[in-house]
Amino acid sequence: MMSDIEIAQNTEMKNINEIAMESGIDKKYLDQYGNYKAKIDLSLLDDLNKKDGKLILVTAINPTPAGEGKTTTTIGLADSLKKLGKNVVIALREPSLGPVFGIKGGATGGGYAQVVPMEDINLHFTGDFHAIGAANNLLAAMLDNHIYQGNSLNIDPTKITWKRCVDMNDRQLRFVQDGLGGEKNGVPRADGFDITVASEVMAVFCLATSMEDLKARLSKLIVGYTYEDKPVTAGDLKAEGAMTALLKDAFKPNLVQTLEHTPAIVHGGPFANIAHGCNSVIATKIAMKLGDYAVTEAGFGADLGAEKFLDIKCRLADLKPSAVVIVATIRALKMHGGMNKEDLNMENLEALEKGIPNLLRHIHNIKDVYKLPSVVALNKFPTDTQEEIDLVINKCKELGVKAVLSDVWAKGSNGGLELAKEVIDLCNEENNFEYSYELEDSIKNKIEKIVKKIYGGSGVKFTSDAEEQINCLTDLGFSKLPVCIAKTQYSFSDDMTKLGAPENFEVTVRDIKVSAGAGFIVALTGSIMTMPGLPKIPAAEKIDVLPNGKIIGLF
């Protein structure tokens with residue numbers, strides 16, 4: 001079989017004007033970026049006089065090196081819905097260059113379920129991430145300049161929390177000393193870089209509902225504290241206007257297409273283990289206005305992406321999903337059961353039985369905690385045996401949830417028709433969607449409810465630093481914000497080695513901070529990196545450009 005990029009490059013795309021017209025978007029709302037990409041003017045949301053479509057969330061089990069295929073399933077499901085005659089639009093996150101050049105890969109799907117042009121989307125696309133990085137770094141420059149020029153806000157340089165960012169995996173930049181070279185070259189201090197997708201500007205960008213809301217959120221960004229421990233914001237530095245100007249064009253969602261010409265809106269992309277891990281609210285709302293069905297995804301497993309999608313994004317944007325798809329592979333479940341990656345091609349019912357509880361806990365959370373209709377998409381691999389498939393289907397059936405084989409990677413829309421039919425049926429069911437906690441709960445109670453109800457843990461341990469920060473944020477009036485827990489994506493617990501569905505574990509919260517612009521409290525557990533590093537053999541080594549300009553080696 002051809003590689004992902006070869007499949008994408010051998011597909012004849014439609015002109016983006018044709019995709020827009022078929023989606024109900026008049027040409028006057030488009031800013032074209034060549035023949036196959038366009039930005040959608042925000043006025044379309046106000047002008048569309050149509051009832052919102054059904055919102056379908058695609059999530060997954062805890063990720064493993066074996067792969068799950070969440071984005072591939074999202075795209076394939078949408079193509080399958082279209083093949084069944086449904087009016088459907090996809091809303092996806094944009095890829096970060098860090099994973100593209102590192103080890104994880106891109107975010108445009110795979111096989112015969114991809115969004116295109118995949119090279120453009122995985123690389124510079126329409127420049128959104130560059131604009132977000134520029135806005136982040138403008139704020140950093142204005143902050144340090146303010147201190148250099150006299151520091152009238154009385155900012156304590158040792159209490160600066162704002163970092164510069166770059167959209168690249170570069171461990172060398174995690175901790176730096178800057179402002180060196182004498183008094184004319186800035187004020188020396190310890191500093192560091194985050195990857196762009198970890199910037200709070202990215203989270204603000206994805207949660208803002210309008211240009212006015214974007215500017216208001218940017219003004220609330222906390223950059224540090226004074227000598228008296230008072231927060232200093234981007235608004236105090238008068239930076240929000242210029243930051244909004246840098247983001248003005250990026251804030252318009254991007255329209256592309258799948259291999260089967262289903263419209264896809266690809267916009268924004270915060271990390272799911274340290275932020276909320278969803279595409280922009282604007283993109284989701286436009287997809288729901290244009291399509292009778294809007295298919296979207298949230299990052300990593302359901303304990304991170306889906307929890308934050310439901311408890312943060314849906315709450316802040318007043319969204320209610322109609323159905324949830326939980327993606328799993330037999331290979332990944334066997335890894336959760338203790339099997340080594342190199343042995344996954346062999347049938348092993350014992351390892352599968354040990355790993356299935358990971359899937360079952362995610363099903364329980366979606367079905368019984370959030371009260372949402374759900375289906376398991378069992379992403380098919382050639383090495384799966386019928387006995388293994390039957391075991392997963394029967395275990396899901398015991399919880400009252402159907403498991404459906406999905407083969408969209410190899411067969412495109414034809415491989416997802418059964419899944420699409422099940423999703424259509426689920427969307428017609430009544431659901432009593434609930435959050436896992438209430439905003440009125442204390443910061444501690446919110447965290448404890450997530451750990452006990454979603455992770456399956458026995459409790460939470462707060463360090464003395466975290467206790468002090470909780471008291472401080474409560475005094476500052478932030479206690480009613482939703483909570484975004486930063487933890488490993490590989491486990492329900494805060495220990496990445498505890499696979500499957502661990503029990504009787506405590507989660508240790510070592511640090512608490514507020515993302516005032518995004519509008520949530522961040523609880524940090526374990527050792528979460530906000531600037532990843534490259535692996536020993538990065539994916540970048542395989543990427544090249546032929547003399548005719550054709551890119552090769554990109555997945």
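Tutor: The answer starts with a pocket and a cavity, then moves to backbone details, salt bridges and the surface.

The model is predicted, and local features are reported at pLDDT of at least 70, side-chain atom pairs only at pLDDT 80 or more, whereas totals for chains, interfaces and linings use all residues. Numbering runs from 1 along each chain as its sequence is written, and side-chain values use heavy atoms, with hydrogens and water left out.

Rolling a probe the size of a water molecule over the atoms shows where empty space is left. The search uses a 1 Å grid over the protein atoms alone: a cavity is a set of points where a 1.4 Å probe fits but cannot get out, a pocket is an open set with protein on both sides within 12 Å along at least five of seven lines, and lining residues have an atom within 4 Å of a point. Grid points are joined across faces, edges and corners, and a volume is the space filled by probe spheres set on those points.

The second largest pocket has a volume of about 1500 Å³. Its lining comprises 46 residues, and those nearest the centre are Ile160, Thr161, Lys163, Asp511 and Lys513. Two or more lining residues come from each of β7 (155-160), β10 (189-191), β11 (193-195), α8 (200-207), β12 (222-226), α19 (464-475), β22 (506-515) and β23 (520-525). Helices here are DSSP runs of H or I with at least four residues, strands are runs of E with at least two, and both are numbered from the N terminus. With six residues, β22 gives the most to this lining. By class the lining has 25 nonpolar, eight polar and 13 charged residues, where Ala, Val, Leu, Ile, Met, Phe, Trp, Tyr, Cys and Pro count as nonpolar, Asp, Glu, Lys and Arg as charged, and the others, Gly among them, as polar.

The largest cavity has a volume of about 90 Å³. Among its lining residues are Glu94, Leu97, Phe125, Asp128 and Asp167. Helix α7 (residues 128-148) gives the largest share of that lining, three residues, and the lining divides into six nonpolar, three polar and three charged.

Phe125, one of the residues that line the cavity, is found in the loop between α6 and α7. Phenylalanine 125 has a positive phi of about 55° although it is not a glycine. At 8% relative accessibility, phenylalanine 125 counts as buried; buried means under 20% relative accessible area, exposed over 50%, and partly exposed in between (1.4 Å probe, protein chains only). Aspartate 229 also has a positive phi, of about 65°, and lies in the loop between β12 and β13 (231-233). Aspartate 229 is partly exposed at 43%. Valine 116 and proline 117 are joined by a cis peptide bond with omega of about 5°, and proline 117 lies in the loop between β6 (113-116) and α6 (118-122).

Side chains of opposite charge can pair when their charged atoms come close. A salt bridge is a side-chain nitrogen of Lys or Arg within 4 Å of a carboxyl oxygen of Asp or Glu, and the whole structure has 30 of them. One joins aspartate 52 and lysine 289 at 3.3 Å, N to O. This pair links distant parts of the chain, 237 residues apart: aspartate 52 is in the loop between α3 (43-47) and β3 (54-60), lysine 289 in helix α11 (residues 281-290). Aspartate 52 is partly exposed at 42%, whereas lysine 289 is buried at 19%.

Aspartate 156 and lysine 159 form a salt bridge with closest N and O atoms 3.7 Å apart; aspartate 156 is buried at 7% and lysine 159 partly exposed at 25%. Lysine 354 and glutamate 350 also pair, at 3.7 Å. Both lie in helix α14 (residues 349-369), four residues or about one turn apart, and both are exposed. A network of salt bridges links Asp144, Arg164, Asp178, Arg189 and Asp191.
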